[in-house]
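Here are my notes on this one, for you to read next to the coordinates. Tell me where you disagree.

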Amino acid sequence: MREHPRHEGHSAEPLPETWTGRATNRAQWLLAAAGAGCVALGIELAVDSSWSSGVAALLMSVVGCVAAGLLILFGTLAFVHVAVRVEADCLEVRCGHMGLPRRRIQLAHVVGADFVPRVSPGQWGGWGYRWRPEMGTAVVVRRGEALVLTLGDGRTFTVTVDDAEAAVRVIRERLSLLAPPGPAPA
């Protein structure tokens, strides 16, 4: 996790029109390598096996190794990194190299944004796209700071991202611009 300077109060700098942030977990490349190893083992069994020990057993071994390897490989590559983009009217979260899964949240549906200095995969039951009834939905790719959105229906959405505090400032500013003006003083 990278350290970012903490800004106390409001800064004189104008907020960016589009804020982008990322978070990466290099440890998941090890899991992806294990998945690739399973796929390679399945291919090795299919190509170099004599098939004399029984077609059904060997076929199940090959299919099992390849299927498990692909699930591990693509399941981990989808959450090696996350990219967050805050625009004038929405927040978009894209996972992995293909940008899938993807979540787009209209800022009109957001009632609050908070910075959480420490979120861990253990709190959410692991890495990835997570849902827990008592906590809401999250995209957790690494341990560290996170952005937590409170949605109008009471649900929450958490995403681990570098410099989440800046994202919170940008979202709060956007929310104040989207808020309808209050009643005029009498």
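Which residue in E8 is the bridge partner of Ala 113? Leu 149 is the partner, and that pairing is a handy way into the sheet.

1. Ground rules. This is a predicted model, where local features need pLDDT of at least 70, side-chain atom pairs count only at pLDDT 80 or more, and totals for chains, interfaces and linings use all residues. Residues are numbered from 1 along each chain as its sequence is written, and side-chain values use heavy atoms, with hydrogens and water left out.

2. Overall layout. The protein chain has four helices and nine strands (DSSP runs numbered from the N terminus: H or I of at least four residues for helices, E of at least two for strands). In sequence order the pattern reads β-α-α-β-β-β-β-α-β-β-β-β-α. Of the 186 residues, 38% are buried, meaning under 20% relative accessible area with a 1.4 Å probe and protein chains only; exposed is over 50%, and partly exposed is in between. Accessible surface comes to about 10800 Å², 61% of it from carbon and sulfur atoms (Shrake-Rupley method, 1.4 Å probe; for residues, only the protein chains shown count as cover).

3. The five-stranded sheet. This one is open, with mixed pairing and the order E5-E8-E9-E7-E6; strands pair if DSSP finds at least two bridges between them. E5 (110–119) and E6 (128–132) are the edge strands, each pairing on one side only. From one strand to the next the twist averages 20°.

4. E8 and its neighbours. E8 (residues 144–151) is antiparallel to E5 over seven bridges, and Val 119 stands opposite Gly 144 there. Towards E9 (residues 156–160), E8 again runs antiparallel, with five bridges; Thr 150 has Thr 156 as its partner. Four residues separate the two strands in this hairpin, where Gly 154 takes a positive phi near 95°. Seven of the eight residues of E8 are buried, so this strand is largely enclosed by the rest of the structure.

5. Helix H4 on the sheet. H4 (residues 164–178) packs on the sheet and touches E5 and E8, a contact being heavy atoms within 4.5 Å. Its direction makes about 170° with that of E5; axes are lines fitted to C-alpha atoms, for helices over the stretch in contact, and angles run from 0 to 180 degrees between N-to-C directions. Arg 172 is partly exposed at 44% relative accessible area, as is Asp 114 at 36%.

6. Salt bridges elsewhere. The whole structure has seven, each a side-chain nitrogen of Lys or Arg within 4 Å of a carboxyl oxygen of Asp or Glu. Glu 92 and Arg 104 meet at 3.4 Å, N to O. Glu 92 is buried at 13%, whereas Arg 104 is partly exposed at 45%. Asp 153 pairs with Arg 155 at 2.6 Å.

7. One to look at: Arg 103. This residue of E4 (residues 102–106) is buried yet has no salt bridge, and the nearest side chain of opposite charge, Asp 153, is 7.0 Å away (Lys and Arg count as positive, Asp and Glu as negative; His and the chain ends are not counted). Not counting residues up to four places away in sequence, Arg 103 touches residues including Glu 92, Tyr 129, Leu 151 and Phe 157.
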